[in-house]
Amino acid sequence: MRRAPADPESAIDPEVGPAGPDRPSKSALKRQMHDLQALGQELTELPASRVAKLNLPEPLRDALAEYRRTRSHEGRRRQLQFIGKLMRQTDDTPIREAVAAFKLGSAQETLALHETERWREELLANDDAVTRWLNRFPDTDAQQLRSLLRAARKDAKAESPDQRHGRAYRDLFQIVKTALAATAAPAGPSEDDEDHDD
């Protein structure tokens, strides 16, 4: 006896599963579980001060504290699975936002550090950079800046390759970092905004 060809509409959708459209499939549940476990891992990497600001349920807070106390690899792995399980019963939106904000802050700090180092190297390399710097940051004490540059250049000539940089080199970094941080902070409308108001 020949079987009738399967009706394509009655085929089981792997995303929906045999239970119907109201219940996710085992694959979807497994992906969700792994996603929550990965989010739990990122949550464990947040500083305790940031975790404290989140409105987490007490069992999840306790599980995070236990994870931090656990030293063995296997113990941490099991505790992370437990954290993932607890997160299924928790609203993960604020956690995702906190993790994203932390990552964004770290990225911005890294970019600021690189920009500070780039400026310091340019200032040490040529005097045209000093002129550009003073035009862009007129509040800089020009005499102090030039004095630090002279000292840092002199130290660089005397240093051996494996020797630490001198104090002037580090002080120059602090001046550049402070000036860049001051301009990064919002201080009212920019000149560009004023130009567009015409």
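**Cores and helix packing in a predicted model**

Me: Which residues touch the most other members of the largest nonpolar core?
Reply: This is a predicted model, in which local features need pLDDT of at least 70 and side-chain atom pairs count only at pLDDT 80 or more, while totals for chains, interfaces and linings use all residues. Residues are numbered from 1 along each chain as its sequence is written, and side-chain values use heavy atoms, without hydrogens and water. A nonpolar core is a set of buried Ala, Val, Leu, Ile, Met, Phe, Trp, Tyr and Cys residues joined through side-chain atoms within 4.5 Å, where buried means under 20% relative accessible area (1.4 Å probe, protein chains only). Of the 19 residues in the largest such core, those touching the most other members are Leu123, Trp133, Leu145 and Leu149.

Me: Which helix gives the largest share of this core?
Reply: Helices are DSSP runs (H or I, at least four residues), numbered from the N terminus. Two or more core residues come from each of helix 5 (93-125), helix 6 (127-136), helix 7 (142-158) and helix 8 (167-184). The largest share, seven residues, is that of helix 8.

Me: With which residues is Leu145 in contact, leaving aside its neighbours within four places in sequence?
Reply: Contact means heavy atoms within 4.5 Å. By that criterion, the partners of Leu145 are Leu123, Val130, Trp133, Leu134, Thr140 and Leu172.

Me: How do helix 5 and helix 6 pack, and at what angle?
Reply: Axes are lines fitted to C-alpha atoms over the stretch in contact, and angles run from 0 to 180 degrees between N-to-C directions. Glu115, Trp119, Glu122 and Leu123 of helix 5 meet Ala129, Val130, Arg132, Trp133 and Arg136 of helix 6. The axes are 8 Å apart, at an angle of about 130°. Angles under 35 degrees count as roughly parallel, over 145 as roughly antiparallel, 65 to 115 as roughly perpendicular and the rest as oblique, so helix 5 is to helix 6 oblique.

Me: How far apart are the end C-alpha atoms of helix 5?
Reply: The expected span is 1.5 Å times one less than the number of residues. For the 33 residues of helix 5 this gives 48 Å, in agreement with the separation of its end C-alpha atoms, 48 Å.

Key: Buried < 20%, exposed > 50% of the residue type's maximum accessible area, 1.4 Å probe, protein only.
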